[in-house]
Amino acid sequence: MGIPNIYLFPQLSDNYGYFIKNPHATEGVLVDPSDYDMCLKILELNDSIASHILITHHHEDHVAAVDKIKSKFNSIIIGYSQDNQIPKPDQTVDEGQIFEIHGQKYEVIHTPGHTLQHINYFIKEHNILFSGDTLFNAGCGRMFEGDPKMFWESLLKIKSLPLDTKIYCGHEYTLSNIKFALSIDPDNQNLKKLADWANQQEDEHRPTIPTTLKDQTLCNPFLRCDSEYFYSYYDSKDPEEIFAKMRSAKDNF
Ligand SMILES: [Zn+2]
């Protein structure tokens with residue numbers, strides 16, 4: 001199957017939703033719909049309906065519009081089998097499972113940390129990842145339910161994907177993430193470059209999403225907990241301990 005079109009659209013205050021559609025198709029897949037009006041708008045613009053809904057995790061700002069979308073389009077809701085706080089799925093999926101919609105194959109990656117039942121969806125054939133609130137551009141989600149070991153292992157799963165993977169995450173938090181990243185990694189030239197670009201995007205009212213895994217391995221401090229730089233910065237060679245310190249520093253930044 002060819003590369004799907006991915007339409008990013010803003011929801012609520014700083015969430016992103018995504019509409020995935022094969023070129024020329026009239027139905028597609030909504031990821032984490034929370035803003036009903038915005039979802040309808042993106043569907044109308046594309047003269048399409050939402051045949052499926054993918055849910056990454058149960059937070060309200062990712063699922064608030066699921067029921068309304070389903071009643072309008074009779075969409076098939078897909079979510080993680082262990083997440084009993086999401087709107088009732090028509091089809092549940094599990095870690096490592098591959099399922100197909102409109103000829104596109106999606107792989108399920110369980111990424112606990114932000115919530116215990118958080119999952120990412122990976123279109124392997126085209127290296128496209130929907131990371132929800134696990135990995136952001138230059139940051140990661142808050143650790144509401146998991147522990148540092150769990151969250152770090154989730155990030156390692158993402159880190160093991162191909163470097164040209166395009167990452168579509170759940171929020172536009174990039175500029176504030178970069179501010180924190182620069183505070184602990186001020187001489188990182190790649191990060192400075194990302195900061196310049198992100199500021200320019202902001203000036204032009206453009207999103208800073210998608211990013212690539214390659215850029216994130218160079219710039220995102222949370223993916224670099226196992227780097228020599230942060231080993232020395234935190235005086236530790238334990239990435240889980242470094243992750244814990246970094247996450248709590250960001251929470252209090
Ligand atoms: Zn969340």
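A residue is called buried if 20 or more other C-beta atoms lie within 10 Å of its own, exposed if 12 or fewer do, and partly exposed in between, with C-beta atoms placed from the backbone. The model is predicted: local features need pLDDT of at least 70, side-chain atom pairs count only at pLDDT 80 or more, and totals for chains, interfaces and linings use all residues. Numbering starts from 1 along each chain as its sequence is written.

**Exercise 1.** Determine whether Ala 138 is buried or exposed, and do likewise for His 205.

Solution. Step 1: locate the residues. Helices (H or I, at least four residues) and strands (E, at least two) are DSSP runs, numbered from the N terminus. Ala 138 lies in the loop between strand S11 (135-136) and strand S12 (139-140), and His 205 in the loop between H6 and S14.

Step 1: inspect phi. Ala 138 has a positive value of about 70° although it is not a glycine; His 205, also not a glycine, has a positive phi of about 55°.

Step 2: apply the counts. Ala 138 is buried because 28 other C-beta atoms lie within 10 Å. His 205 is exposed because it has 6 other C-beta atoms within 10 Å.

**Exercise 2.** State which strands stand at the edges of the open sheet of six strands.

Solution. Step 1: write the order. It is S1-S2-S3-S4-S5-S6, with mixed pairing, where two strands pair if DSSP finds at least two bridges between them.

Step 1: find the ends. Strand S1 (5-11) and strand S6 (91-93) each have a single partner strand, so one side of each is left without a neighbour in the sheet.

Step 2: examine one pair. S1 and strand S2 (residues 15-21) run antiparallel and are joined by seven bridges; Tyr 7 has Phe 19 in S2 as its bridge partner.
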